[in-house]
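Subject: Structure for you to look at

Hello,

Here is the structure I promised to pass on. Please open it and follow along with the notes below.

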Amino acid sequence: LKDPTNVTALEGRSIVNLLGGNKSAALTDVTKALKCSGNSKALSSMLHNTRSLVNEAMSDFAAMQMDINRAVHLNPEDFQSQYALGRMMMFKRQFRTAIQQFDKALQLKPLDPDGLLNRGICFYMNHMYGRALEDFSCTIQARPSDLRAYFNRAVTLVQCSKVHADDSLTEDTSADSHSAEKTSKLLEDASQDCDKVLSLLPDSQAHLLRMKIRRANKVDPRLVLADFRAALELDEDLATTALYSR
């Protein structure tokens, strides 16, 4: 660097080093940038966020959390800092706390697809399937090519179909036909989301999920077999495990 105190250049080189796998150099550069950042809280907060990503890549999760906490303290109105803290809570499997944190982040940037997607996953993990579906659908509206959102929505729809089927067992038998139709519709919607994932990228998990959906909906066995064969070609170990764990 022509100017070894240029914060922008140091952070930029840190990111390049991180993407190139040189984590130690990335950490050195972003730490230097922090020392040169002066009294700007917004700038320091941004650099702590960057260093938290480096620490995450280095599996130093204690340092990662310290950087995120510092970033939030310096600039509590920054979406990225609040979002990073939500991800940290999610990583620690503190899903209710993560939801609260993503709520704060999304108040600052309501249509952010990553915030919506990750909050949706936390809702799913807390068995709040309706809220999860809302967030995955909003993610798709904000970023129509997000295959993770389609896949997660498909998984959630399958889970909703199971819950609905279990609930229908306690209902009056006269409602059996309607319950069966609703369960089938949930599975059809899930299958369509798998179709979308597979139109974006060949994915063994999507094939296996669609295989299970087709089997549950008593679709032509040849289509079930086609999904299994496709999954087998993409990931033999995963497909074989799924075959013996069904």
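Arg 87 and Glu 56 meet through their side chains in a salt bridge, 2.9 Å from N to O. This is a predicted model, so read every value as computed. Arg 87 sits in helix α5 (residues 79-91) and Glu 56 in helix α3, so the pair ties together parts that are 31 residues apart in sequence. Arg 87 is partly exposed, at 26% relative accessible area. Glu 56 is partly exposed too, at 25%.

How many salt bridges does the structure hold? There are 17. Side chains of opposite charge can pair when their charged atoms come close.

Asp 112 bridges to Lys 109, with the closest N and O atoms 3.6 Å apart. Asp 112 is buried, at 7%, while Lys 109 is partly exposed, at 41%. Asp 146 bridges to Arg 148, and here the closest N and O atoms are 3.3 Å apart. Asp 146 is buried, at 5%, whereas Arg 148 is partly exposed, at 40%. Asp 146 and Arg 148 also belong to a salt-bridge network with Asp 114 and Arg 143.

Now back to helix α3. Helix α1 (residues 7-19) packs with α3 (residues 41-57) at an angle of about 20°, their axes 11 Å apart. That makes α1 roughly parallel to α3. Their crossing is left-handed. By class, the contact has nine nonpolar, two polar and one charged residues. On the α1 side, look for Val 7, Glu 11, Ser 14, Ile 15 and Leu 18. On the α3 side, the residues include Leu 43, Met 46 and Thr 50.

Best wishes

Notes. Residues numbered from 1 in each chain as written. Predicted model: local features only at pLDDT ≥ 70, side-chain atom pairs only at ≥ 80, totals over all residues. Heavy atoms only, no water. Axes fitted to C-alpha atoms, helices over the stretch in contact; angles between N-to-C directions. Helix = DSSP H or I, 4+ residues; strand = E, 2+ residues; numbered from the N terminus. Parallel < 35°, antiparallel > 145°, perpendicular 65-115°, else oblique. Left-handed = near helix turned anticlockwise from the far one by under 90°. Contact = heavy atoms within 4.5 Å. Nonpolar A, V, L, I, M, F, W, Y, C, P; charged D, E, K, R; others polar. Salt bridge = Lys/Arg side-chain N within 4 Å of Asp/Glu carboxyl O. Buried < 20%, exposed > 50% of the residue type's maximum accessible area, 1.4 Å probe, protein only.
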